[in-house]
Amino acid sequence: MHRHRSTPRALAVLVLACLCLLAGDAAAKRKKKDTGPQNPNRTEFGALPAINYDTDLGFGFGAIASVARFATGYRPYKWRLELQAYATVKRAPGKGAEFPFHDDYLNMDFPGLLENRLRITARVGFRKFANTGYYGFGNDSKFDKPWESIDPDEDLAAYQAAHRFHSFDHIYPLLLVNTRVRLWDRSTPAQRKRIEALVGLNTTYNIVRPYPGSKLEQDIASLDDGSKDAQTLGKLLRGTDPALLMVLNLGLLFDTRDHEFTPTRGTFTELSVRSSPGVQQDLRYAAFALNTAWYKAIVGEYLSFAIRGVADVILGDAPFYELTRFGALQPRDGPGGGWSLRGVPRQRYSGKVKLIQNLELRSLFWRFNVGKSRFLVGAVGFLDAARIWADLRGTELAGQSVDGGTFKVGTGGGLRVRWGETLVIRFDGAYSPTERTPGFYVDIGQVF
């Protein structure tokens, strides 16, 4: 990967995204604002260009739309659909352009089934990561830069190929279905108090395509040399051939938040296990996750504190691309990237044991209407940290431990724009003092 340079383009995306949010019929802006009570039985629509930016993936373009039905007795809504068609474009090393990421999906959320005792969420989608990161395993994995010895003016093809040294192409259609069964509920209109059981299935068909000369290609080739390092690496580097992966999700969810999308009080905790029976390539494993977030209002919604802690442990023969992910309810990449360790490249660290911590100081300070659409604007300051171990036991390659080093850190700040009750647009700028890399992210939804 080349060094990230995001500031001018990130500012342009920020301005464009804000214009997309605020654009509307000029006459509608002059209408008197609706100050009466909100209709509890209503349908909310939201649609905007899926314009965003991520330092790892580049400039994103496409479209995203959501529709949510609200009804008396249902929280946060009766049902919600979200549809996205999306791709990214990024400046190629040296010159030209590349399209590293493609993501199309339909999200479905039905929280009001069986008289509010059952909630089903589902995602049907297709993803293609042309620059999925692979740096090896452990907290002390190396970030090599073979392109530094190549002059792009003399050999552009070799220069661009060298920038793919820590990348591979990962293609996977997916189907994710999670069922949440309410076991206990003492919720009030102001705040939830509930416990839910989680049962779900995450199915993907994974195609891994290493680039010629890449670290992944080299490591795959080294598995056949019979050495001690090959045996150690073989326990971690699984699932490199095309394979169907079926993962069963089980868990408990504890929720006391005052708002699902912009909480200022309460907690949300996921205690889960995800397990694969090894449909193909004997990819049998079990992963245990504790993902807990706590929210504390300091001055109402104007100033609040939020903290999240994640512990994720994998036992068995998981495919190597699962070692950069965590969680069952909403699987995320990490540590590294805009959903876990901001400022650190996505998929930078990989291992079977992961600890992640996020601290945010949040403020929601400006409400306004554009026609009939309601907006809420806020800001955050954050500090992210993570620690990774390649396996449950110490791991050595080439006579050295891969688990050394300290916590990896990212810090920064950003803006939040909530459109209606359910659509949150996030703008985050970050810098990692441990990696010495910046990051900028424009995306949908809170990090936690």
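A: A term to start with: a cavity is a set of grid points where a 1.4 Å probe fits but cannot get out. This is a predicted model.

Q: OK, how many cavities of 30 Å³ or more does the structure hold?
A: It holds 3.

Q: What volume does the second largest cavity have?
A: About 80 Å³.

Q: Which residues lie nearest its centre?
A: Thr262, Arg362, Ser363, Leu364 and Gln446. In total, 13 residues line the second largest cavity.

Q: Which elements give two or more residues to that lining?
A: Strand S16 (353-370) and strand S17 (373-389).

Q: And how do the lining residues divide into nonpolar, polar and charged?
A: The lining of the second largest cavity has 4 nonpolar, 6 polar and 3 charged residues.

Q: New topic: helix H5. Which residues are buried there?
A: H5 spans residues 215-222, and Lys215, Leu216 and Asp219 are buried in it.

Q: Why are they on the same side of H5?
A: Because they cover an arc of only 95 degrees around the axis.

Q: What do those buried residues pack against?
A: Strand S8 (167-185), strand S9 (194-210) and helix H6 (228-234).

Q: Now confidence. What pLDDT does the chain average?
A: It averages 89, and 92% of the residues score at least 70.

Q: Where is confidence lowest, and where highest?
A: Helix H1 (residues 7-22) is lowest, at a mean of 39. Strand S13 (residues 303-316) is highest, at 98.

Q: Over which residues is the pLDDT below 50?
A: Residues 1-36. Beyond near neighbours in sequence, that stretch has 54 contacts in the model.

Key: Residues numbered from 1 in each chain as written. Predicted model: local features only at pLDDT ≥ 70, side-chain atom pairs only at ≥ 80, totals over all residues. Heavy atoms only, no water. Buried < 20%, exposed > 50% of the residue type's maximum accessible area, 1.4 Å probe, protein only. Helix = DSSP H or I, 4+ residues; strand = E, 2+ residues; numbered from the N terminus. Arc of directions from axis to C-beta. Contact = heavy atoms within 4.5 Å. pLDDT = per-residue confidence, 0-100. 1 Å grid on protein atoms, 1.4 Å probe; cavity = no way out; pocket = protein on both sides within 12 Å on 5 of 7 lines; lining within 4 Å. Points joined across faces, edges and corners; volume = space filled by probe spheres on them. Nonpolar A, V, L, I, M, F, W, Y, C, P; charged D, E, K, R; others polar.
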